[in-house]
There are 4 protein chains.
Amino acid sequence: HHEMRLQSFQPSLVTRSFRLRNEIVRVGLAETLCTYVMMVFGLGSVAQVVTGQGAFGHYISINLGFGLGVALGCHVGGKVSGAHMNAAVSFAMCVYGRLAWKMLPLYFLSQLLGSFLAAGSVYAVYYEAIHDYCGGNLTATGAKATAAIFATYPAPYLSLFGGFIDQVFGTAMLLLCLMALSDQKNKPAEAGSESTLVGLLVLLIGISLGSNSGYAINPTRDLGPRLFTAVAGWGLDVFRAGNGWWWVPVIAPMIGGVLGAGLYKLLVELHHPPRSENCAGPIKTLEETAQNTDTELRV
Amino acid sequence: HHEMRLQSFQPSLVTRSFRLRNEIVRVGLAETLCTYVMMVFGLGSVAQVVTGQGAFGHYISINLGFGLGVALGCHVGGKVSGAHMNAAVSFAMCVYGRLAWKMLPLYFLSQLLGSFLAAGSVYAVYYEAIHDYCGGNLTATGAKATAAIFATYPAPYLSLFGGFIDQVFGTAMLLLCLMALSDQKNKPAEAGSESTLVGLLVLLIGISLGSNSGYAINPTRDLGPRLFTAVAGWGLDVFRAGNGWWWVPVIAPMIGGVLGAGLYKLLVELHHPPRSENCAGPIKTLEETAQNTDTELRV
Amino acid sequence: HHEMRLQSFQPSLVTRSFRLRNEIVRVGLAETLCTYVMMVFGLGSVAQVVTGQGAFGHYISINLGFGLGVALGCHVGGKVSGAHMNAAVSFAMCVYGRLAWKMLPLYFLSQLLGSFLAAGSVYAVYYEAIHDYCGGNLTATGAKATAAIFATYPAPYLSLFGGFIDQVFGTAMLLLCLMALSDQKNKPAEAGSESTLVGLLVLLIGISLGSNSGYAINPTRDLGPRLFTAVAGWGLDVFRAGNGWWWVPVIAPMIGGVLGAGLYKLLVELHHPPRSENCAGPIKTLEETAQNTDTELRV
Amino acid sequence: HHEMRLQSFQPSLVTRSFRLRNEIVRVGLAETLCTYVMMVFGLGSVAQVVTGQGAFGHYISINLGFGLGVALGCHVGGKVSGAHMNAAVSFAMCVYGRLAWKMLPLYFLSQLLGSFLAAGSVYAVYYEAIHDYCGGNLTATGAKATAAIFATYPAPYLSLFGGFIDQVFGTAMLLLCLMALSDQKNKPAEAGSESTLVGLLVLLIGISLGSNSGYAINPTRDLGPRLFTAVAGWGLDVFRAGNGWWWVPVIAPMIGGVLGAGLYKLLVELHHPPRSENCAGPIKTLEETAQNTDTELRV
């Protein structure tokens, strides 16, 4: 018995490296698959709306496609990888100490791979639809452009600076709300409703912050499919279009995510009373909360 | 031990004033941030629909923008401020004893500030979109009016009297339902679903009571962004438009909220049996409720 | 002590009649108010879509208006009246022993009153919108007919026989599903999600069984507002239109509800095993259910 | 006592065959009824959109009709049959050991019968609407084709090979996500939200993978109504249309379902640690999950 316990607390270097490699495979596969699922549903909804020309859904279908896709991805990656599906989320988690920095490359690569494969799958499934729509002429710009099925491109009126602000802001709102939804001392999403609420959040960002540049708010979601289109027939125009737009949804969300999460921490999380008063018991109802506030302030 | 307990029940004036100031900062920051979040999503959805001219969502996107925005705001303000996000809600809470009157100015100011900042943020993010849409001519009326992205304006057929009724009624329905959703002796929203249900309620009001004047049903939601437009380039027309419409969504909701909450109390809450029979245990199913009603009435 | 217990089990006639009268007031007020709330949101959404002429929602907004209206009505009537809001539901509950027959008139009258008052409120709030839309000419038929904002009318192609089938079938589907959602030995709606699921069910019926005649599937929902329009200016045409359509949504749902609920009982509820095996513990997941089925059948 | 226990563990052949026959009736009736409910709502939404010509819903109404129809079907079949409602689901459950093979014919026949009867019911309810729409000329192809109300047909551009890929892929995504939603060692749907999440999954597939061929992703859903149309007046064209399309949604989903479920097992389920660490206690929040990952990997 004694030896066994020793071994379990002091694993040999071999055991540790084996467990780590196993863990990396385990987390990497789950993160790849959940990103793949989210992206198949998201990109599929764009493909359907674009090639359907109004007969198979409108802009709101795309919002639902990405929103519900995120919700289901949360169940696929689940407790194995945490289902970030977004490099800006993983990066912010590292900055605020919720993910080890050494895991970041694994998350980046898994998300990039999942997004790339999803783009390939959606292209395969919609191959005939896309070629029927554009007459076989795969372009990144123009009336029958199809590259925007896979990666985001800015509206004609948008400057690079305006687009940078747009992507910083959208991702800041995403992370700000994710922080609130997981703040155990405030009013977090209940067990069982996290995935749906995160999905509704992404739906909401698409509804309110989507028209400037297609709400990438996610470096890997945008770069993976853009790389796919570059090699699958659309060529290097996918990097040139929109004044070289491609780097904006890669860089800006990393900054925005950290800012948004930090803003929530600065304005709300830091001020939670240290005592356990506020986080005891189940979530209080509106009435109890108000009365509680009332009571405390009358002291 | 004895001294410690004494101190905790009889804090010195200094301690009390310190705790109060802390509490004010804490509640004010949370109420400001949750109102900001709700308004960014709400106003963002209007900006997108208006400047998108049909390509990026329709009227129902705006209903979803405000509805889901309220749901997420509930998680941001959560247990810290109760996430009223609406001066008519805070006022009704004071009238019915769920919030101390001395807290009301703090809630008003926080909500006004959050709404003002949200209007500024949405203007910044949609700056190029709005100027592209209206040709740089910021107006409160006319074919390319953009002031309605931020504050509400009445339909052409609506009189001030009709609009006043509209705002009293819409806010009455809001507070009536909020009272039901938080009535622990009836069938309240379960822990974990309050925010979603409140969001669906706001979505529903937009779907059914929105076309007369844009369902402000919230003084601070309307006044904050109107003030922003007044200083940001739209000028004093934002107060003159609609026969001087601006004061209606400020005053009428305060009255409507108190009436609606009172109606629920008068017709339902007052009649709950004093004994704990009705509120014991978990929520009963339709079947049990019906059988229960049946049994009691056969006595 | 002994006397008190006796009294509580053998209340005098006076006490019993007092409690009964109190209970009638209590249940009647709650049923009236929840029906009122459901109908204000439902009729309001029709008024908005009709007078908005496409700018403030489409047919699906009406489906959402009634669906979410039912969900919120469930919280208002809640445990007090059970929130039937529908004479066909109350009637079926009596037929299957879940409501005392002597309560039926109270439910009918409360639902009729709530629906009538809701029609009046919606007319008041949309008075200027409706008169602007139809030029002050209140009609039940024709291009600018507005009576259909309040009560249902059949499609031009629909015969009375076809409409009768339509209303029997729609209400049968409603009650069949309500029975399933409240069957404690099967997979009922969990505490806290009943109202939302019932709302989604009504939304679904509007999406799939609504175009023939406007899915009244509810005698009181249809008759109350029709009576209101008859006295408020539309005249007796509201009873003559559609070949005297008015009685179909009053009679057919009563039959359909009983048939639908009975069908569920006949095909599913009757066959539950008498032992408590199947209803023990929390709801099983898909996996457990399937394995369980598998195991039992391999015995 | 001893004899009773013996009997309960060693039932005679007669008792066993009786129980089995009972179980078959019980499961068969429930599976038939839940499939019927799902299909009435699904096909009803198509009938409404097609015959309504834009006035009673758009493509997204059909997505909602099938999605919410599946959610309600889950409550009808519930714990009795598991509410597969889809031969590809039942087949995959058998392949992966969650359903006894000998039950498969019962599920197939029940699902086929439920779908056939639902098609008949929808035709009866929409009889006048359909004949008014197509002028009494029931066809499977052409501008006023109505056979697509009941069964799926491919888009004009789609080859049989492309359609086969489409159906394999769509059903693979369905089963992959169903596996995740029921994986107790990952992040399964909580009790009470399974039906809604499965409904949202079907809604999502309609939004993102529906335009190529109408997302049958279900052999019995497609074959039952197709048989109905063949005998009800559309004739054998329903089998000839689309280059003899009919067999694709029968065969391809069977393959796709097994592949998708297998992919989830291969990439996620197989790698769960054998110890109970990962599945202990309630579902962890985003924060805890991330910290947990972080901690484990720092070992």
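1. A:Val37 belongs to helix α2 of chain A, helices (H or I, at least four residues) and strands (E, at least two) being DSSP runs numbered from the N terminus. The model is predicted: local features need pLDDT of at least 70, side-chain atom pairs count only at pLDDT 80 or more, and totals for chains, interfaces and linings use all residues. Residues are numbered from 1 along each chain as its sequence is written, chains are lettered from A and ligands numbered from 1 in the order in which they are written, and side-chain values use heavy atoms, with hydrogens and water left out.

2. A:Val37 counts as buried because its relative accessibility is 0%; buried means under 20% relative accessible area, exposed over 50%, and partly exposed in between (1.4 Å probe, protein chains only). Apart from neighbours within four places in sequence, A:Val37 is in contact with A:Gly73 and A:Val76, and also with D:Met173, D:Leu176 and D:Cys177. Contact here means heavy atoms within 4.5 Å. A:Val89 is 52 residues from A:Val37 in sequence, and their C-alpha atoms are 17 Å apart.

3. Chain A has twelve helices and zero strands. Of its 299 residues, 63% count as buried. Among the contacts in chain A with a separation of 6 or more, 76% come from residues 24 or more positions apart.

4. The largest nonpolar core has 352 residues, and A:Phe41, B:Phe41, C:Phe41 and D:Phe41 are those with the most contacts inside it. Such a core is a set of buried Ala, Val, Leu, Ile, Met, Phe, Trp, Tyr and Cys residues joined through side-chain atoms within 4.5 Å. Neighbours within four places in sequence aside, B:Phe41 is in contact with residues of chain A, including A:Met173, A:Cys177, A:Leu201 and A:Ile205, and with B:Gly65, B:Gly69 and B:Leu72.

5. The interface of chain A and chain D takes 53 residues from chain A and 57 residues from chain D. The two chains bury about 5,200 Å² between them, 67% of it on carbon and sulfur atoms; buried area is the accessible area (1.4 Å probe) that two parts lose on being put together, summed over both. Across this interface there are 14 residue pairs in polar contact (both at pLDDT 80 or more). A polar contact is a pair of N or O atoms within 3.5 Å; within protein, one must be able to donate a hydrogen and the other to accept it, and residues adjacent in sequence count only if both atoms are side-chain atoms. On the side of chain A that touches chain D, the elements giving two or more residues are α2 (13-52), α3 (59-81), α5 (104-125), α6 (127-134) and α8 (194-208) of chain A. Of these, α2(A) gives the most, with 16 residues. By class, that side has 27 nonpolar, 16 polar and ten charged residues; Ala, Val, Leu, Ile, Met, Phe, Trp, Tyr, Cys and Pro count as nonpolar, Asp, Glu, Lys and Arg as charged, and the others, Gly among them, as polar.

6. Between chain C and chain D, 56 residues of chain C are in contact with 54 residues of chain D. About 5,300 Å² is buried between these chains, 67% of it on carbon and sulfur atoms. The count of residue pairs in polar contact is 14 (both at pLDDT 80 or more). Elements giving two or more residues to the side of chain C that touches chain D include α3 (59-81), α7 (160-181) and α12 (286-298) of chain C. The most comes from α12(C), with ten residues.

7. A:Glu194 pairs with D:Lys187, the closest N and O atoms being 2.9 Å apart. D:Glu194 and C:Lys187 form the salt bridge between chain C and chain D (2.9 Å, N to O).

8. Over all chains, the whole structure holds 24 salt bridges. C:Asp222 meets C:Arg226 in one of them (2.6 Å, N to O), and C:Arg221 in another (4.0 Å, N to O). C:Arg226 and C:Asp222 are separated by about one helical turn because they are four residues apart in helix α9 (residues 219-234) of chain C. Both C:Arg226 and C:Asp222 are buried, and C:Arg221 is buried too, with a relative accessible area of 6%.

9. In chain D, D:Glu23 and D:Arg26 meet in a salt bridge (3.5 Å, N to O). Both lie in helix α2 (residues 13-52) of chain D, three residues apart. D:Glu23 is buried at 12% relative accessible area, and D:Arg26 is buried at 8%.

Key. Salt bridge = Lys/Arg side-chain N within 4 Å of Asp/Glu carboxyl O.
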